[in-house]
Amino acid sequence: MKKRIVSMVLTAAMVMGCVAGCGSGSGTDENGGAEDNTITVWAWDDNFNVAVMKEAAKVYAEKNPDSDLNVDVVSLSKEDVYVKLQTALAGGDSGLPDIVLLEDYVSGKYLNTFPGSFADLTDEFDYSKFLQFKVDAVTQDGKVYAVPFDTGATVLYYRIDLLEQAGYTEDDMQDLTWDDFIEIGKDVTEETGIQMIVEIANDKTSLVRSMMQSCGQWYFDKDGNINIKDNEALKAAFEVIKGMKDAGILYEAESTEGRAGALNNGTVASVVNAPWFMSSLKQAEDQSGLWRAARIPRFADIPESINASNVGGSSWYVLENSDVKDEAIDFLKQVWEGDTDFYDTIMLNQGAMGSYLDAYETDVYDAEDEFFGGQKINALFAEVLTEVIPVNYGGYVSEANDAITTALSNLFAGNTDIDGALEEADAQLANQLGR
């Protein structure tokens with residue numbers, strides 16, 4: 001553990017010079033910390049996370065017209081948020097924000113490495129009102145440390161016109177197994193000449209993760225131990241992905257942009273992804289009405305596997321030593337717990353699927369989407385999310401993804417079999433984490 005913490009801090013310190021001058025908005029000092037009467041928030045992505053938190057600040061101001069408390073949302077790159085946070089925590093809390101956004105996949109790393117740095121929110125919120133798998137992702141040793149934010153309900157997006165050419169209907173795309181999907185994909189490719197599904201050549205972990213979580217499995221077990229070489233769901237995921245490759249139905253894009261491009265230009269018939277991917281599909285305006293979404297397939301031979309999963313998501317953390325900790329918690333409570341109008345707004349404007357259960361009962365989730373042929377796609381996302389099985393993300397998902405990417409590359413190159421690839425990935429991750 002000591003070696004990993006030192007490495008983490010040194011990495012942050014080495015690149016800190018690149019970000020020490022990152023622009024902080026008004027209401028912050030030169031280090032990005034809060035001035036009097038200001039809650040400083042660090043987040044990334046101006047069009048998504050930053051925009052959502054600015055909307056929250058607007059709602060809070062409207063609720064408290066006589067308050068002189070400001071909410072200053074500082075926009076940084078994701079990498080800069082993590083580097084600045086690590087460096088500040090390691091250096092004694094100087095220059096920290098009051099609220100910070102952390103991905104659920106990495107939060108465990110911060111909670112383990114910097115114990116006591118984040119406020120215990122267990123008794124501050126009614127967590128029964130939030131998705132259970134999201135609450136579990138921000139819980140450690142029985143204490144809840146964040147307010148759950150966005151979700152990544154995975155669905156199968158597919159071109160109904162191409163499926164119909166191969167003789168399939170929307171009904172045929174419901175309650176699928178992965179074996180069913182491969183057979184359908186073979187027919188689609190044979191009849192249309194178009195490959196069935198797209199993934200990124202050097203990063204298929206998004207699909208792997210959605211497959212694993214559909215079984216309630218992950219790279220780490222419930223106790224945080226590495227769970228790769230003997231992971232039944234992970235082995236099944238490798239088998240399915242290799243089966244797609246061998247069947248000739250898998251299109252391997254060179255990049256994220258290439259994946260979207262292949263779908264937009266009609267090179268590929270389907271993709272498994274989250275709600276935010278709709279914006280990429282909708283870039284092809286001429287395909288409006290041709291797309292549909294269905295639950296993802298499940299594994300036929302794993303009883304625990306279901307047609308529901310999640311990929312990605314982040315949550316809001318309050319720093320324990322913030323001078324405005326109580327005010328920051330109150331701000332999150334007033335907006336993020338109970339204000340369904342706020343959740344409607346961020347769903348409509350940013351496509352942000354929140355974790356607050358009551359928000360799923362509003363009219364936004366009953367809306368028909370013309371791009372998807374009038375399908376109530378938001379309702380599908382909400383339905384999927386309530387069934388997602390909680391897992392222990394472990395905090396080192398990025399490191400696990402690297403090991404899995406290498407393993408799949410070796411498998412596809414014919415350098416090893418599936419069991420050998422998983423053993424190599426297990427060893428690589430154990431070595432990297434010093435276990």
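How many bridges join strand 7 to strand 10, and do the two strands run parallel or antiparallel? The strands are joined by 4 bridges and run antiparallel. The legends below begin with the sheet that holds this pair.

The model shown is predicted, so local features need pLDDT of at least 70 and side-chain atom pairs count only at pLDDT 80 or more, while totals for chains, interfaces and linings use all residues. Residues are numbered from 1 along each chain as its sequence is written, and side-chain values use heavy atoms, with hydrogens and water left out.

**View 1. The open sheet with strand order 9-8-10-7-11.** This sheet has 5 strands and mixed pairing; two strands pair if DSSP finds at least two bridges between them. Helices (H or I, at least four residues) and strands (E, at least two) are DSSP runs, numbered from the N terminus. Strand 9 (250–253) and strand 11 are the edge strands, each with a single partner strand, so one side of each has no neighbour in the sheet. From one strand to the next, the twist averages 30°. Tyr-158 has Ser-270 of strand 10 as its bridge partner.

**View 2. The open sheet with strand order 2-1-3-12-6.** Here too, 5 strands are arranged with mixed pairing. The edges are formed by strand 2 (70–75) and strand 6 (147–148); each has a single partner strand, so one side of each is left without a neighbour in the sheet. Strand 1 (residues 38–43) runs parallel to strand 2 and is joined to strand 2 by 6 bridges. Within this pair, Val-41 stands opposite Val-73 of strand 2. Helix 12 (residues 325–336) packs on the sheet and touches strand 1, strand 2, strand 3, strand 6 and strand 12 (314–318); contact means heavy atoms within 4.5 Å. The direction of helix 12 makes about 145° with that of strand 12. Axes are lines fitted to C-alpha atoms, for helices over the stretch in contact, and angles run from 0 to 180 degrees between N-to-C directions. Helix 3 (residues 78–90) lies across strand 1 and strand 3 (99–103), at about 115° to strand 3.

**View 3. The crossing of helix 9 and helix 16.** The axes of helix 9 (residues 232–247) and helix 16 (residues 418–433) come within 10 Å and cross at roughly 125°. The two helices are therefore oblique to each other (angles under 35 degrees count as roughly parallel, over 145 as roughly antiparallel, 65 to 115 as roughly perpendicular and the rest as oblique). Leu-234, Lys-235, Phe-238 and Glu-239 of helix 9 meet Ile-418, Asp-419, Ala-421 and Leu-422 of helix 16. By class, the contact of helix 9 with helix 16 has 5 nonpolar, no polar and 3 charged residues; Ala, Val, Leu, Ile, Met, Phe, Trp, Tyr, Cys and Pro count as nonpolar, Asp, Glu, Lys and Arg as charged, and the others, Gly among them, as polar.

**View 4. The packing of helix 9 on helix 15.** Helix 9 and helix 15 (residues 397–412) pack at about 45°, with axes 11 Å apart, and are therefore oblique to each other. From helix 9, the contact includes Phe-238 and Ile-241, and from helix 15 it includes Ile-404 and Leu-408. The residues of this contact divide into 8 nonpolar, no polar and 2 charged.

**View 5. A salt bridge between Arg-298 and Asp-175.** The structure holds 19 salt bridges, each a side-chain nitrogen of Lys or Arg within 4 Å of a carboxyl oxygen of Asp or Glu. In the pair formed by Arg-298 and Asp-175, the closest N and O atoms are 2.8 Å apart. Arg-298 lies in the loop between strand 11 (291–295) and strand 12, and Asp-175 in the loop between helix 6 (160–165) and helix 7 (178–192), so the pair ties together parts 123 residues apart in sequence.
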